[in-house]
Amino acid sequence: MKKLSKTALATLMSVAVIAGCGGGGESQPSGSPSDSNPDTNNNSNTQAPSGKTTVQFWHSLGGKNGERIDGLIDKFNKSQDQVEVVGTFQGSYAETVTKLQQAVAAKTGPDITMMERAYVQMFAESEVLEDMAPYLEKSDMSLDDFVPGLLGHSVFDDKLVSLPLNRSTPILHVNKTMLDELGLAVPQTWEELKTVAEALVIKGSGENERYGLTMPYDTWYPMAMITQANGKFFNDDGTSVGFANGEGVKVFQFLKDLQNSGALYYPPAQDSGNITNQMFINEKVGMIFQSTGVIGTFIGSTNFDYVTAFLPKDEVYANPTGGANIAMLEASKNKEAAWEFIHWLMTSPEGALNFVMESGYLPFTKSMVESKEMEELWAKEPNRKVAYEQLEHAVDTNKNIAWPQVEQEFFSAIQAIMYDNKDVASTLDNFKKETERILGN
């Protein structure tokens, strides 16, 4: 595998800053678990109590989830007398990796860090992440203990450089009351999605009074649909796009047809998550493609029969994953202590299980899935189980070191098609050429 120099890594990270959301992940709306809200109180004490080894942990969780991760760290620190973890909020996913890149160059990095899963490969190829396989083995654990659909960005060059932590996936959220009133079933295919979305429309004098379908402005959802049409985002060689046989045109023409008929509300780029979520809560739209991370918000904010479902299929069911992993830095002087915390997160009943249940992120170990607590939660709130079940169809088609740069070109293509009504085929052809230029072909 071709390795990156730290200079090359710096260049890629500067692009990642521009990318903003970083890797086709979720856009977090207000009132939902937030990954970018700076309003969180982190423990700033960097001095461990006498006799304890200090482990620095950088993360990207603010708001309620920031409070939850702080509580988790505090619980670990009180559970034993050998290790003191200091958690530090570093901003959004992209801000965190930018600070991490700078710290790696200055040799001031943390011991462990949260990392949006699409960025892992860049750091892995620069050889700054520790191989955790030996630690896993010493703890009598293996990758078989983890949910397979969430391991797509964990192993590079035969090294285990990250493990799942706060992970999510997009699903279909449905106002079933609205569908029931019209005698409609929850759609399972694109054809059914089109029929239901168009049937839900209530025309207005200007904008529609009600739309059938919406989704935030993000690369997540078109990527999902490309794979549902049997395409891939990158080809197997990593030299070009993997949807040159009409899959991309099929996706965007489908979306444009829905948009032109008034069935699809495609939001402005700014604050799109808040806009689309409020439309769903206020019954201005019947269905929304969104992260599993908003389930808790919708359960507490809607006054109708709310259900979740798999993203509808075209040729196949397929969906990307999002969220972040946890990684250990190769330069850490406290690796054994850092692993103690990671191992506790993965295995302790007091570890990440409660965080996952409270936040709405996906359970990432089989023991979490099989736990009494998770079974009881899923029995009480079956909407939460849909995202886990959909992991059977999880794919990681944006797995490429050049993803941050390519993502910006993909955003430009989305804008041209969805906002400026540019020709779908020619726009995607231009995107393909730009992608090949970035990939060096």
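**Questions about a predicted model**

Tutor: Let's start with a pair of neighbours: the side chains of Asp-81 and Gln-82 are joined by a polar contact of 3.0 Å. Keep in mind that this is a predicted model.

Student: What makes the link between Asp-81 and Gln-82 a polar contact?

Tutor: The cut-off for a pair of N or O atoms is 3.5 Å, and residues adjacent in sequence count only if both atoms are side-chain atoms. Here the side chains are joined at 3.0 Å, so the pair qualifies.

Student: Where is Asp-81 found?

Tutor: Look in the loop between helix H2 (63–79) and strand S2 (83–89).

Student: Moving on to helix H10 (residues 272–281), why is it said to be largely enclosed by the rest of the structure?

Tutor: Because eight of its ten residues are buried. Buried means under 20% relative accessible area. Among the buried residues of H10 are Ser-272, Asn-274, Met-279 and Phe-280.

Student: What do the buried residues of H10 pack against?

Tutor: Quite a list: strands S7 (170–175), S8 (211–214), S11 (264–265), S12 (285–291) and S13 (306–309), plus helix H11 (295–301). Just after H10, Glu-283 takes a positive phi of about 60°.

Student: What share of the chain counts as buried?

Tutor: 59% of its 441 residues. The chain has 18 helices and 14 strands.

Student: What makes a group of residues a nonpolar core?

Tutor: They must be buried, of the nonpolar kinds such as Phe, Ile and Leu, and joined through side-chain atoms within 4.5 Å. The largest core here has 63 residues, and those touching the most other members include Phe-57, Ile-112, Leu-163 and Phe-364. Helix H12 (residues 335–347) gives this core its largest share, eight residues. A second, separate core has 52 residues, including Trp-190 and Leu-428. In soluble globular proteins, nonpolar side chains tend to be buried together.

Student: Which residues does Phe-364 touch, not counting residues up to four places away in sequence?

Tutor: Among them are Phe-146, Leu-150, Pro-164, Met-346 and Val-356.

Student: What makes a space a cavity?

Tutor: A 1.4 Å probe fits there but cannot get out. The structure holds one cavity of 30 Å³ or more. About 90 Å³ of space lies in the largest cavity. Its lining has 13 residues, and those closest to its centre are Gly-360, Tyr-361, Pro-363, Trp-378 and Arg-384. Helix H15 supplies the largest share of the lining, three residues.

Student: How many residues of that lining are nonpolar, polar or charged?

Tutor: Ten are nonpolar, two polar and one charged.

Student: One more: how do you know that the side chains of Gln-259 and Lys-256 make a polar contact?

Tutor: Their side chains come to 2.5 Å. The cut-off is 3.5 Å, so the pair falls within it. Gln-259 lies in helix H9 (residues 247–261). Leaving out residues up to four places away in sequence, Gln-259 touches Leu-264, Tyr-266 and Met-418.

How values were computed
Residues numbered from 1 in each chain as written. Predicted model: local features only at pLDDT ≥ 70, side-chain atom pairs only at ≥ 80, totals over all residues. Heavy atoms only, no water. Buried < 20%, exposed > 50% of the residue type's maximum accessible area, 1.4 Å probe, protein only. Helix = DSSP H or I, 4+ residues; strand = E, 2+ residues; numbered from the N terminus. Contact = heavy atoms within 4.5 Å. 1 Å grid on protein atoms, 1.4 Å probe; cavity = no way out; pocket = protein on both sides within 12 Å on 5 of 7 lines; lining within 4 Å. Points joined across faces, edges and corners; volume = space filled by probe spheres on them. Nonpolar A, V, L, I, M, F, W, Y, C, P; charged D, E, K, R; others polar. Polar contact = N/O pair within 3.5 Å; in protein donor to acceptor, adjacent residues only side chain to side chain.
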